[in-house]
Amino acid sequence: MDRPNIDWIIEGLIPRPGMIELMGPPKIGKSFLALDVAVKVARGEDFLGHRTHQNKVMYFQLDTSERVMRDRGVALRESGYDTKAPLLGLVHPGDTMRPVNILQAAGRDYFRKALLLHDPALVVLDTLRECHQEDENDSTEMKIAMDTLEDLFQGCALLMVHHTSKLPPEVTQPNPILASRGSSYITGKVDAYWLLYNNKLSIT
């Protein structure tokens, strides 16, 4: 069937509108990967061999300090990575709300103001845990949080960075649905999930 209301941000990988979960253990490179997606889309460059449609991108960094983000930017530039991307927007540190909760009016207004100013096609939310205060293991509470996200970023493609549960070291290729931290409602809600594990990216 034709899908006239769906556009591709990255062909075959990120639809608009759509919700993508990028998961992985702590400190494995999820934020670097999410930032690479954001830069590639903002620059209109292919990502993993897939055609990208150049668009405005808004990156919400919610769990990393300004100092760490600056250090990451310096490290990327020193490695030869071109970080110039005029269509990529980030909230100024002085305007960043922490903590932010999408289930409170002030939290929703914070995101709406940024969206209104930048009008992005792709939103990166880094991380999902930092935008709400609900119990991740409770499917009812996560339904409320995910429905709120869907309404808040309506019309956008949403890439959400999320953590996996603690995985045993002997597990070499975990099942993404079982590996995702919290209620299975999260993986059930999204259009696709990306698992970054053991230096490999699996996309379902």
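The model is predicted. Helices α3 and α4 pack against each other at an angle of about 25°, helix α1 is mostly covered, and the peptide bond from Arg-98 to Pro-99 is cis, as is the peptide bond from Asp-126 to Thr-127.

**Packing of α3 and α4**
- Helix α3, spanning residues 105-118, packs on helix α4, residues 139-152, at an angle of about 25°, and their axes lie 11 Å apart.
- Because angles under 35 degrees count as roughly parallel, α3 is roughly parallel to α4, and the crossing of the two is right-handed.
- On the α3 side the contact involves Arg-108, Phe-111, Arg-112 and Leu-115, while α4 contributes Thr-148, Asp-151 and Leu-152; these residues divide into three nonpolar, one polar and three charged.

**Helix α1**
- Helix α1 (residues 30-43) reaches 20 Å from its first C-alpha to its last, close to the 20 Å expected for its 14 residues.
- Twelve of the 14 residues in α1 are buried, including the charged residues Lys-30, Asp-36 and Lys-40.
- Gly-44, with a positive phi near 75°, follows α1.

**Backbone sites in loops**
- Pro-99, in the loop between β5 and α3, is joined to Arg-98 by a cis peptide bond with omega near -5°.
- Thr-127, in the loop between β6 and α4, is joined to Asp-126 by a cis peptide bond with omega near 15°.
- Lys-27, in the loop between β3 and α1, has a positive phi near 60° although the residue is not glycine, and counts as exposed at 82% relative accessibility.
- Leu-48, in the loop between α1 and β4, likewise has a positive phi, near 50°, and is exposed, with a relative accessible area of 55%.

Note on methods
Residues are numbered from 1 along each chain as its sequence is written. This is a predicted model: local features need pLDDT of at least 70, side-chain atom pairs count only at pLDDT 80 or more; totals for chains, interfaces and linings use all residues. Side-chain values use heavy atoms; hydrogens and water are left out. Axes are lines fitted to C-alpha atoms, for helices over the stretch in contact, and angles run from 0 to 180 degrees between N-to-C directions. Helices (H or I, at least four residues) and strands (E, at least two) are DSSP runs, numbered from the N terminus. Angles under 35 degrees count as roughly parallel, over 145 as roughly antiparallel, 65 to 115 as roughly perpendicular and the rest as oblique. A crossing is left-handed if the near helix is turned anticlockwise from the far one by less than a right angle, and right-handed if clockwise. Contact means heavy atoms within 4.5 Å. The expected span of a helix is 1.5 Å times one less than its number of residues. Buried means under 20% relative accessible area, exposed over 50%, partly exposed in between (1.4 Å probe, protein chains only).
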